Amino acid sequence: MDKFSFLEITACIGIFVILFLAVFLLTVKTKHKLGNRIFAFFLIANAVDASKYLIHHIPENLINLEVFRWSIVYLVPASFYLYTLSVCYSNFRLKPKHLLHAIPFIAYNLNSMSGIYFETTAIKLHFIESMNQMPVTHFFQFLFELLFQVYFIASFLVIRKSRTVYLENYTNPNISINALYKITILYYLLHFLVLLRWLVTATIGFGEIRAWIVTLDGFSFLFCTCWYLFIALNNPEFFRGVNSHLRPITEVVPKQKYSPIIDDEKNRQIQSLKDFMISNEPYLDSSLTIQDLAEQVKMPVKDLSALINLYMNKHFFDFINEYRIEKAKEILKDSSQKNLTILEILYQVGFNSKSSFSTSFKKHTGKTPTEFRKSSF
């Protein structure tokens, strides 16, 4: 099997997998269909772009369709960015202003009209042959790279902000944001193969080295699509996640309006909060948010968030889970409850997954729940 056959096989498998995942996203039952639809479009656009690995000759009657396919890549970075927004902000909705993201796609097609879409076959072929020498072609190549960098940097910033907000307001791990963060890094790294291919084409031209890079690019495409599918199958909630649209506490409470010095009033509030946590055990509610706790302690959300995140120097996520771990330790040390399984205990103390419970427990105690139970008797 030569490298070209290998490339075609991997491309076919990759396109099949990515279209399969897109169908899954479009049909899975969920209240949050918008994000799934945007991501499905992103995947389908990538599948359309990946069809280049299967095209060795453009039929003369399909030149317009192939040129239109080239323009699809100008929608890919924007669609990923919009998908990031839909995952990280529960109130995100598509609006007419988002059509502005399609301007590069429209511009590319408008440019193609003058030399390809409405011309004779001979003119089309001549235009395509001379495209690499045209300044406008270089402009669109530069534009694509610029768009890719801008959109993916923006995606990273959105994810980072939402992770901070989530830790400040929620208590269970946000699988969707963590998985999205990994996917963003992977997709960004794979883009460097595209840059390498462009560099080799510009300096060496079409040859053996470029052919191997294209093959590696095709294999990476297959790997990336399998990674998407792996996440979908192992974390179906990734495509059903609801995330906060709140702002980080450092933005809500400007630095000049709070002091890191804990005075008597702050000490009283902190002690009152700790007493409430011990006596009422609100942390046993697995869906507890900072808004819920603020209502229970009769304190404005902003003040409670500042008290925990700024004055106690803890994320709400860690603050609540510390109490859950202490409660779990009590149960694990209680000989009368030794028949309870680890799974039963983690649900009882407010966790909703074994992995998050084990990670948090080991972080606070240095031992796994099973090891801690054995050492207690």
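In the predicted model, residues 24 or more positions apart account for 74% of the contacts in the protein with a separation of 6 or more. The secondary structure consists of 17 helices and zero strands.

Glu281 itself is partly exposed, its relative accessible area being 24%.

A salt bridge also joins Lys363 to Asp318, with an N to O distance of 3.2 Å. This pair links distant parts of the chain, since Lys363 is located in helix 16 (residues 354–365) and Asp318 in helix 14, 45 residues apart. The two partners can be set side by side in terms of accessibility: Lys363 is exposed, with a relative accessible area of 59%, while Asp318, at 17%, is buried, the latter assignment following because buried means under 20% relative accessible area.

In a further salt bridge, Glu322 is paired with Lys314, and the closest N and O atoms of these two residues are 2.9 Å apart. Glu322 is partly exposed, with a relative accessible area of 24%, and Lys314 likewise counts as partly exposed, at 27% relative accessibility.

Ala328, another residue of helix 14, is buried, with a relative accessible area of 0%. When its neighbours within four places in sequence are left aside, Ala328 is in contact with Ile345, Val349, Phe357 and Phe361. The C-alpha atoms of Ala328 and Pro369 are 8.5 Å apart in space, although the two residues are 41 residues apart in sequence.

How values were computed. Residues numbered from 1 in each chain as written. Predicted model: local features only at pLDDT ≥ 70, side-chain atom pairs only at ≥ 80, totals over all residues. Heavy atoms only, no water. Buried < 20%, exposed > 50% of the residue type's maximum accessible area, 1.4 Å probe, protein only. Salt bridge = Lys/Arg side-chain N within 4 Å of Asp/Glu carboxyl O. Helix = DSSP H or I, 4+ residues; strand = E, 2+ residues; numbered from the N terminus. Contact = heavy atoms within 4.5 Å.
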